[in-house]
Amino acid sequence: MTSHSDPPDSPPAGQTHALAQRHLNAGLTAASQGNWRAAVEAFQAAVDAAPEWSDGHHNLSIALTHAGDLPGALEAARRATERGPTSSAAWLNLGNLAARSNEIQTAQHAFQAVLKSDSTNTAAHLNLGLVLSAQNLWAEAVPHLEQAHRAQPNAIQTLVLLARALRYSGQAESAVRFLSEALDKAPEDILIRIERAVAHLALNDLTAAEHDANAAVARDPESVEAALVKVGHIRTRGKMAGARRGAGGDS
C-alpha cells in the first residue's frame, strides 16, 4: 500500500517492533484480499503498538479511505505526515484526501510538500494545478499543469485544463498552440475542439471559433457543451456586429 518510490520506515526498535510489524503484515494481507474492515483493525493495532510509526498511520489512512471513512482517513493522514514529514507518499495521500474534503489550503500545502522532496512528481504537479485552478489562481497553476502535461502528453483532461489556465491567465495564444498540436494527433476529439473554440473567442478570432464550434457540434450533435459553445460564439459575434453598426461601421 505504501508507494514503492517512498519506502516504508521501520517501527521503533524494542519490544513493540515485532508486534507492530505483525499487525502491519496482517493489514497488508487483508488489504490485498479487499477485506478493508480487517485491514483497518490490523493497521489500527499496529498504530496502537507503535504510535510514532508514520507508516502505520499512512496505511491506516488508506484502509479507512477504502472502508468509506473519509474523516478518519484524513485524520490518520495528518498523523502520518506529522510523524513522517519527509514521506512524499504520506503528503500526497493527505493532499488527495484534503482536496476531497474541500480543505483546499491543506491540500495545497500537502502537494507543495511533496514537490519539495520530489520536484518531478507528476501526480503532485497535476493535483496542485487542480487545487490552484479551483482557487482561480490560474497563472500559478500553469507551470504545474505544464509539467503534468509533459509527463503525460496524451492525457486529454490535463491538456484541456492547461489550456484553460493559459487562457484565463492571458495566454490564449499559447492555449491555441497546445490545443492545435493535440488536434493534429486527435482531430476528432471533441473536448479539445471545444476548448480551442473558446480560446479562439478569447482572441476575438470569430471565424476560427465558429469553425471549431461547428466541427464539435457536427461530431456530436447531442453534446450540450458543444452546443453551448456555439451559442456563446453566435451571441458574441452578434454583440460585436451590433456595436459596429451602432458606431456607423459596416454591417
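Let me start with a definition: by relative accessible area, buried is under 20%, exposed is over 50%, and partly exposed is in between, using a 1.4 Å probe and protein chains only. This is a predicted model, where local features need pLDDT of at least 70 and side-chain atom pairs count only at pLDDT 80 or more, while totals for chains, interfaces and linings use all residues. Residues are numbered from 1 along each chain as its sequence is written, and side-chain values use heavy atoms, with hydrogens and water left out.

My topic is salt bridges, meaning a side-chain nitrogen of Lys or Arg within 4 Å of a carboxyl oxygen of Asp or Glu. The structure has 11 of them.

Take Arg-164 and Glu-195 to begin with. Their closest N and O atoms are 2.9 Å apart. This pair links distant parts of the chain, 31 residues apart: Arg-164 sits in helix 9 (residues 156-168) and Glu-195 in helix 11 (residues 190-202). Helices here are DSSP runs of H or I, at least four residues, numbered from the N terminus. Arg-164 is partly exposed at 28%, whereas Glu-195 is buried at 4%.

Next, Arg-177 and Glu-181, with closest N and O atoms 3.9 Å apart. Both lie in helix 10 (residues 172-185), 4 residues apart, about one turn of the helix. Arg-177 is partly exposed at 42%, and Glu-181 is partly exposed at 41%.

Then Arg-83 and Glu-82, which form a salt bridge at 3.5 Å, N to O. Arg-83 is partly exposed at 26%; Glu-82 is exposed at 58%.

Finally, a network: salt bridges link Glu-75, Arg-78, Arg-79 and Glu-103.

Key. Helices (H or I, at least four residues) and strands (E, at least two) are DSSP runs, numbered from the N terminus.
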